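Visitor: I would like to go through this model and ask what lies behind each label. Please show me the sequence and structure.

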Amino acid sequence: SMRDTAIKSVQYGMNHKSVRFVLIITFVQILAVMPLNMYWQPFFKGKGMQEVNFGYLYTSMVAAIALGAYAASKMKVDGNERKFIIAAQFVSGLLVIATSLVTTLFGCMALFIAHEIPRGFLNPVKDGYLQKRIPSEERATISSFCAIAPHIGGAIGLVLSGLIAEYCSISVSWLFSGAVLVVGSI
């Protein structure tokens, strides 16, 4: 019974347009944000930030994500979730590109914190979109199937961003991240 449910869920996930959309958008998002998650401390240290201030920046990042999630809970996105998901990822990518190109510490910080707002907005809208479109009897299995995409995207993102940061720079890896988010949204 469990095997049949798993097979049916995987087939459903691969053949259902909405589930496939969530798989792809999640894969792209996690692949792209790995260097942001991994290198924000050395990036900002290279811009002149003192290590003692990393906690303040981290708190600002978490607050921005919470602000994005709060905005998602207050906005009427029903029926337009795909547009909002794509727009959030696109805007996040543009802000990451801008962060990687700006040379001042405070400019980089403002843009980096701002990019966290659409990231916070994205996940609740994406989860709601998915849950409305999958049958209740297979919801847990399909949700588990969709949870695989971040692991695959994250592994690839870690390797790629590590190579780019090692052989080019952290700024270039962030530029690549922003470009992946923008192109992946298009």
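The questions below go from the whole chain to single residues.

Visitor: What kind of model is this?
Guide: This is a predicted model.

Visitor: How many helices and how many strands are in the chain?
Guide: The chain has eight helices and zero strands. Read from the N terminus, the order is α-α-α-α-α-α-α-α.

Visitor: Why does the radius of gyration of the chain agree with a compact globule?
Guide: Set the value against the rule. For 186 residues, a compact globule would come near 16 Å. The chain has 18 Å, and that counts as agreement. Along the principal axes, the C-alpha trace spans about 55 × 40 × 30 Å.

Visitor: What share of the chain counts as buried?
Guide: The cut-off for buried is under 20% relative accessible area. Of the 186 residues, 40% count as buried. The accessible surface of the chain is about 9800 Å², and 67% of that belongs to carbon and sulfur atoms.

Visitor: What share of the contacts joins residues at least 24 apart?
Guide: Take the contacts between residues at least 6 apart in sequence; 80% of these join residues at least 24 apart.

Visitor: How far apart are the mean positions of the positive and negative charges?
Guide: There are 15 positive and 9 negative charges, and their mean positions are 6 Å apart.

Visitor: Why is Ser173 called buried?
Guide: Buried means under 20% relative accessible area. Ser173 has 0%, so Ser173 counts as buried. This residue lies in helix α8, residues 170-185. Beyond its neighbours within four places in sequence, Ser173 is in contact with Pro35, Tyr39, Ser161, Ile164 and Ala165.

Visitor: What makes Gly79 exposed?
Guide: Exposed requires over 50%. Gly79 has a relative accessible area of 65%, so the label is exposed. Gly79 sits in the loop between α3 (54-74) and α4. Gly79 and Tyr129 are 50 residues apart in sequence, yet their C-alpha atoms are 8.8 Å apart in space.

Visitor: Which residues of helix α6 are buried?
Guide: In α6, residues 139-146, the buried residues are Ile142, Phe145 and Cys146.

Visitor: How do you know that the buried residues of α6 line one face of the helix?
Guide: Look down the helix axis. The buried residues of α6 fall within an arc of 100°, so they line one face.

Key. Residues are numbered from 1 along each chain as its sequence is written. This is a predicted model: local features need pLDDT of at least 70, side-chain atom pairs count only at pLDDT 80 or more; totals for chains, interfaces and linings use all residues. Side-chain values use heavy atoms; hydrogens and water are left out. Helices (H or I, at least four residues) and strands (E, at least two) are DSSP runs, numbered from the N terminus. The radius of gyration is taken over C-alpha atoms; the globule rule is 2.2 Å times the number of residues to the power 0.38. Buried means under 20% relative accessible area, exposed over 50%, partly exposed in between (1.4 Å probe, protein chains only). Contact means heavy atoms within 4.5 Å. Accessible areas come from the Shrake-Rupley method with a 1.4 Å probe; for residues, only the protein chains shown count as cover. Lys and Arg count as positive and Asp and Glu as negative; His and the chain ends are not counted. The place of a charge is taken as NZ of Lys, CZ of Arg, CG of Asp or CD of Glu. The arc is that of the directions from the helix axis to the C-beta atoms.
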